[in-house]
Amino acid sequence: MADEMESHGTSADAVTTEFDAVIVGAGLSGVYMLHRLRELGLTARVLEAGTDVGGTWYWNRYPGARCDTESMFYSYSWPEDLREEWTWSSRYPEQHEIQGYISHVTERFDLRRDMQFETRVTRAAFDETAKRWTIETDGPDTFSARFCIMATGCITKPNLPDWEGVDSFEGETYHTARWPKDDVDFTGKSVAVIGTGSTGIQAIPMIAARAEELTVFQRTPNFSIPAWNGPLDPRHERKIKDNYDKYWDMARWSSTGLMFEIRERSLFDDSEEEREREFERRWAQGGFSFLFAYSDILTDRKANEEVAEFVRNKIRSRVDDPEVAETLCPRSHPFATTRLCVDTDYYETYNRDNVTLIDLRETPIEAVTPSGLSTTDAQFNVDAIVFATGFDNMTGALFSIDIRGRSGEALKEKWAAGPRTYLGIGTAGFPNLFTITGPGSPSVISNMMTSIEQHVEWVADCLEHLTSEGVETIEPRVEAEDDWVEHVNKVANGTLFPEADSWYTGANIPGKARIFTPYVGGVGTYRKKCDEVAAMGYDGFVLA
Ligand code: NA7
């Protein structure tokens, strides 16, 4: 099966290396994918633009960067001794700790020798005759592989507003997803933060604690639930570790990929007092569990509005100035239809004397100037600007690579009106191309860890099947893909999600096609469908 060889191209330095598979990205998906392919005896090379493993957790090292999924649910479920030997320090894992974990797994399974860093993939083209992918990079190396596996992540390509004068600013600028490796010291400085998504909400309290002055520029307020972070309770850790398989099984077949108590109960089955009690109970637990108090929060407008008002009242109680509190209260979208945030002291930060909130809906930014930012109302002179302006999510990383399928068709053109996939795993016309947690799969709407494992395992099983059966190529049938895209939309339209101008729909990127991208039908339902497809000989795919 092994298919690793080197052939020298025309340029003196150019080397084409052949593998069974090339995996793009060394985040949680790429690391596990490589491990599984090794187990199958396939040769593989991971290509990564960064200098180390980590993916999202390599790039997003801004102050306060932390996963808002709890540590015990944000670890690989394999193998048993790995779970035992690793201990997280807190309830929610911090960026450097997650990167340390991914690095530990990489060393533990000796994966680094099949990884190539500081290598950005620029082009991937399917060669119809050879039935192989040619993968080009920004360096001298070119790769040839039977399978091309995009483990490029969902929130990868940073979004920078194209305001007039953005390059004219003479102070320091940072995008949270490209934060320097060395500490950035804002002591004594005046700082502007633009953006109040999950990232801004984590970074703002940390920056406020160090900067002389902080001005936050908010376009859309978000709903946020307190994290109540703290050291990981050893009894909780022991309980999960002792029952790990049971909990993981629950997560795999749940709707969210998390191990939460999700009540299959309508909000209106409870009296007002019972509802209030349940909201307070979940609020005191902290984190995403709040969202699962009732099963109709994301489908019933009235139920949603009641929860939204409960959270707005909490914001009002956390912020001293009533006017500032109202500016922080989300009203333009239903509760949790943009990514629900989880915070530590976010709202309380606006009670500090050195923090000012600017509402960009009232006074939009007009330009970046050499000394700061100017809105329609005022000029703000600052020493540093922090862009917490998010990402071109889901498709951004894929479109950054010139991906060409049969007859040179560009993925970017095929997906111009929105991504078209079968199960979020493959797309017609691009044989042997796999997307881990791709558009049309639960991905960002689920615990990424659960979804990553499911995709990696499904793809590994598929490659094993193709290899043992002597099948050269696999790709979705157009009809199966059309049906899946329609199903993904239909399920989303049964919820309140499409009502928000969220990055789930691409609305955060000017000119991007608006389509609700993740599959909200549930992790367990999705897993069942994927398993059935495989059991039926990869139903909906063409195997040639
Ligand atoms: P998000 O959630 O996309 O947040 C980006 C923020 O930046 C959001 O408040 C945006 O306002 C704001 N933004 C973006 N562009 C602009 C412009 N042009 N002007 C003003 N404000 C702007 O990204 P995050 O990095 O916070 O989180 C990404 C994911 O990481 C998160 O959901 C988790 O999955 C982890 P908007 O809401 O678009 O009005």
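## Ligand contacts and cysteines

A polar backbone atom of Thr 196 lies 2.9 Å from an oxygen atom of the ligand, a polar contact in the sense of a pair of N or O atoms within 3.5 Å. The protein buries 86% of the 770 Å² that the ligand exposes when taken alone, with accessible areas from the Shrake-Rupley method and a 1.4 Å probe. The model is predicted: local features need pLDDT of at least 70 and side-chain atom pairs count only at pLDDT 80 or more, whereas totals for chains, interfaces and linings use all residues. Residues are numbered from 1 along each chain as its sequence is written, and side-chain values use heavy atoms, with hydrogens and water left out.

| Side chain | Distance to a ligand oxygen atom |
|---|---|
| Arg 219 | 2.8 Å |
| Thr 220 | 2.4 Å |

The ligand has 20 residues around it, of which Thr 196, Thr 199, Arg 219, Thr 220 and Arg 339 come nearest; a residue counts as near if one of its heavy atoms lies within 4 Å. This shell comprises 8 nonpolar, 9 polar and 3 charged residues.

Turning to the cysteines, the count of disulfides is 0, where a disulfide is a pair of cysteine sulfur atoms within 2.5 Å. The sulfur of Cys 67 has its closest cysteine sulfur in Cys 341, at 13 Å, which is too far for a bond. Cys 67 is buried (under 20% relative accessible area), with a value of 6%. Cys 341 is likewise buried, at 1% relative accessibility.

Methods: A polar contact is a pair of N or O atoms within 3.5 Å; within protein, one must be able to donate a hydrogen and the other to accept it, and residues adjacent in sequence count only if both atoms are side-chain atoms. Ala, Val, Leu, Ile, Met, Phe, Trp, Tyr, Cys and Pro count as nonpolar, Asp, Glu, Lys and Arg as charged, and the others, Gly among them, as polar. Buried means under 20% relative accessible area, exposed over 50%, partly exposed in between (1.4 Å probe, protein chains only).
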